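Subject: Structure handover

Hello,

Here is the structure for you to look through. Please open it before you read on.

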Amino acid sequence: MAPAAPTPAELAALPRAARVAALDGWLGGLLEAAVPAGARTGVALAAVGSLGRREPAPHGDLDLVLVHDGRRGIGQVADAVWYPVWDAGHKLDHSVRTVAEAAAVAGDDVKAGLGLLDVRLVAGDEEVVGALRSATLTTWRQRASRLLPDLREIRRARARTLGELGFLLEPDLKEAYGGLRDGQVLRALALAQLVDEPPADAADAYAFLVDVRDELRRRTRRAGDVLVRQEQAGVAEALGLADDDVLLRRVSLAGRRLAFVVDEAWRRVDAALVRRPRARYRRIRREPLAEGVVRQGDEVVLARDAKPAADPGLVLRGAAAAAHADLLLSPYTLKVLGAHSPPLPEPWPAEVRWSFLRLLASGRSAVPVVEQLDQEGLLVRMLPEWDHVRSLPQRHPWHRFTVDRHLVEAASAAAELTRDVDRPDLLLVGALLHDIGKGHPGDHSEVGAVVVQEMATRMGFAPADVAMLVAMVRWHLLLPDVATHRDLDDPATIDRVVEAIGADPALLQLLHALAQADGAATSASAWSPWKAHLVAALVGRVAARLGSAAVPEPVLAPSDPQVTAPAPEIPGPTRPVTVGVEDVADGQQVTIGAPDRPGLFALCAGVLALNQLDVRAARVTVEAGHATSVFAVRPRFGRLPDPTILADGVRAAMEGTLPLGERLAQRERDYSQDATRGAPPRVAWFDAEATGAANTLVEVRATDRAGLLHRLTAALAAEGLDVRGATVETLGADAVDAFYLADPSGTPVDEGQRERVARALLDAAAGSAPDPAPR
């Protein structure tokens with residue numbers, strides 16, 4: 001009699017070895033119950049896939065093959081095994097085949113062949129399963145030239161769709177590039193006898209990902225392999241790790257190691273499968289690239305007279321030569337350098353520093369070479385501080401990469417900008433090290449400045465250059481932060497930047513290029529054309545203050561009116577509503593002219609929001625009772641609406657016939673925008689950063705939604721304050737809105753009023769605020 005059927009939940013609670021034993025015992029009992037003891041020759045139940053590898057996932061499929069020698073009645077045997085599996089609630093991937101049939105499938109279908117490579121006897125005739133294993137291996141090796149290109153294309157498609165495991169905040173542990181599937185591919189390539197068995201560290205990385213996958217499924221009680229954020233802390237605790245960041249870092253390290261090894265394996269496979277002319281087999285050309293390194297085929301190797309143990313600069317010289325030639329160091333060369341290279345002298349000799357800069361200046365070609373140095377442990381040996389940021393996760397939706405990969409990508413982007421600065425060497429090193437302070441307590445810019453001082457000194461830079469690198473790291477966020485959160489035409493904004501950089505035009509130039517490289521390495525969302533335009537505008541104004549450039553035009557200059565709506569029917573002197581639209585960097589600019597009234601800015605912002613326009617900056621001027629409001633906008637969907645619609649909307653809002661608050665609230669419900677999600681809103685005041693008509697500056701950080709800007713400015717109007725300018729930045733699901741305020745009476749905002757305004761803004765950010773009443 002077969003053992004009692006274990007349920008998926010019961011199996012999930014067991015350790016992996018016990019889970020395999022329970023499944024083998026139960027499934028074997030099913031076959032023994034279906035086939036009499038004397039009739040089991042020529043029939044066997046075999047496990048393939050994860051069960052064949054003895055690593056069945058909790059709540060996963062059971063991959064089984066009923067192998068036979070062509071006997072009659074095999075269908076009844078299959079029914080006697082399959083139906084109890086289904087009845088117990090298990091998902092089953094099953095087949096019934098002879099050895100010849102299975103081998104034929106393995107030769108035609110790469111996915112089926114990959115699974116059959118893991119075939120293992122569960123019960124029945126061992127000779128039949130042995131014959132299947134032998135036939136599958138033979139077919140796999142014979143058909144490798146046809147099957148492996150298909151397998152590689154499948155993996156490339158998955159990588160394009162799911163990304164790289166090592167750089168994802170919520171990775172697919174199985175299918176992302178560098179995940180479990182690539183660990184299985186490594187074994188398949190080794191079985192094809194085209195590459196060596198995976199190294200021990202790759203096997204360890206694979207085993208760790210299996211542990212994470214099992215614990216994830218055990219917690220979620222379902223067959224899913226995406227390590228979502230809400231499960232990471234629980235998985236980390238179950239695995240005995242300190243927290244979810246430690247877990248994600250370990251996952252990243254494992255994924256990057258597997259990806260690195262499988263990349264190298266595929267290069268070996270390509271070399272083995274490409275048919276070369278016979279003459280190329282006789283002699284491979286060796287082309288000198290630098291002292292001690294030569295090009296051999298498609299790789300960079302050590303020259304015959306190279307002496308790694310006596311040449312500290314050979315690692316960087318070879319890496320620079322490889323990147324400059326758009327090649328990689330050979331695996332054997334990496335191993336030799338890792339085993340025999342001595343430590344670098346301190347400070348670095350000029351020749352070593354030159355090689356380091358030449359490596360970084362190679363741009364995109366340097367990225368895989370630096371990854372080679374990292375994976376072999378050579379990068380940390382040269383830059384010990386690098387170990388702290390290796391695979392360090394960045395919990396921000398804008399970031400595509402871990403901290404260390406982001407730094408390498410930033411240096412790569414900086415290589416495209418070296419002709420825009422007077423000191424390209426400082427730009428490259430500053431880009432590579434600008435976030436080196438992340439992961440430490442405190443502001444990473446301040447911490448990084450301390451760290452980079454020691455690093456730059458050790459690299460042999462002159463004291464003045466060290467000071468410049470320290471300033472670059474300390475202020476690398478200055479230009480983007482000021483440009484997106486402050487009024488660029490306010491002299492106080494320019495004063496703040498000039499003071500921070502010590503009125504140094506060279507530092508301004510480097511910070512501008514560094515901001516571009518940093519943004520490009522983060523994501524397209526982080527460095528949009530609009531943000532690039534704002535940063536360039538800020539740099540132009542600071543340069544003009546320093547006397548190194550002409551004074552630029554205002555950022556938001558009013559556009560000429562294109563449409564006119566009748567004057568709103570409201571008390572007091574009134575004039576028609578006008579709207580003008582023009583294209584600007586990464587969006588459009590909308591200029592609205594209307595009779596000045598308290599709350600007019602909020603009404604205009606609400607009309608724009610109703611028309612699916614995201615406001616990114618605004619400026620208001622008032623002359624003779626007429627307000628001109630200039631908004632930089634970007635359509636959320638499609639194109640900008642007809643200006644007539646906007647003009648009519650503003651007129652209706654001023655007359656009180658357009659219920660803005662109600663319509664925006666409905667829009668938020670339609671898009672499931674909940675103000676209570678995320679962190680609580682915050683309000684901060686910055687008096688010293690506003691001059692002119694605006695006598696104070698307030699910044700609000702809150703969950704973004706359609707009516708947020710309207711509600712915030714309505715709350716300010718209800719407190720008797722005029723909005724003279726605004727900047728708006730959306731960071732993922734959060735918004736950072738800064739408002740330049742003025743009291744119509746001309747008196748400063750006192751402490752009591754600040755408290756009332758802050759409470760009103762917090763209420764508005766939470767979803768409630770008065771509509772500005774039409775006057």
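Below is what was found in it.

This is a predicted model, in which local features need pLDDT of at least 70, side-chain atom pairs count only at pLDDT 80 or more, and totals for chains, interfaces and linings use all residues. Residues are numbered from 1 along each chain as its sequence is written, and side-chain values use heavy atoms, with hydrogens and water left out.

Overall picture

The protein has 31 helices and 17 strands. These are DSSP runs, numbered from the N terminus: helices are H or I with at least four residues, strands are E with at least two. The C-alpha atoms fill a box of roughly 105 × 70 × 45 Å along the principal axes. There are 775 residues, and 55% of them count as buried. Buried means under 20% relative accessible area, exposed means over 50%, and partly exposed is in between (1.4 Å probe, protein chains only).

The second largest pocket

A pocket is found on a 1 Å grid over the protein atoms alone: it is an open set of points where a 1.4 Å probe fits, with protein on both sides within 12 Å along at least five of seven lines. Lining residues have an atom within 4 Å of a point. The second largest pocket holds about 1200 Å³ of space. Its volume is the space filled by probe spheres set on the points, which are joined across faces, edges and corners. The lining has 50 residues, and G49, R53, D63, G115 and R181 lie nearest the centre. Which helix gives the most to this lining? Helix 9 does, with 8 residues.

Q184 sits in helix 9. Q184 has a relative accessible area of 11%, so it counts as buried. Beyond its neighbours within four places in sequence, Q184 is in contact (heavy atoms within 4.5 Å) with R53, E55, L114 and Y206.

Backbone points to check

The peptide bond from E346 to P347 is cis, with omega near -5°. P347 is in the loop between helix 15 (331-340) and helix 16 (350-361).

D326 is not a glycine, yet its phi is positive, near 60°. D326 is in the loop between helix 14 (314-324) and strand 8 (328-329). Is D326 buried or exposed? D326 is exposed, because its relative accessible area is 56%.

A624 is not a glycine either, and its phi is about 55°. The loop between strand 12 (613-623) and strand 13 (626-635) holds A624. A624 is exposed, with a relative accessible area of 76%.

Best wishes
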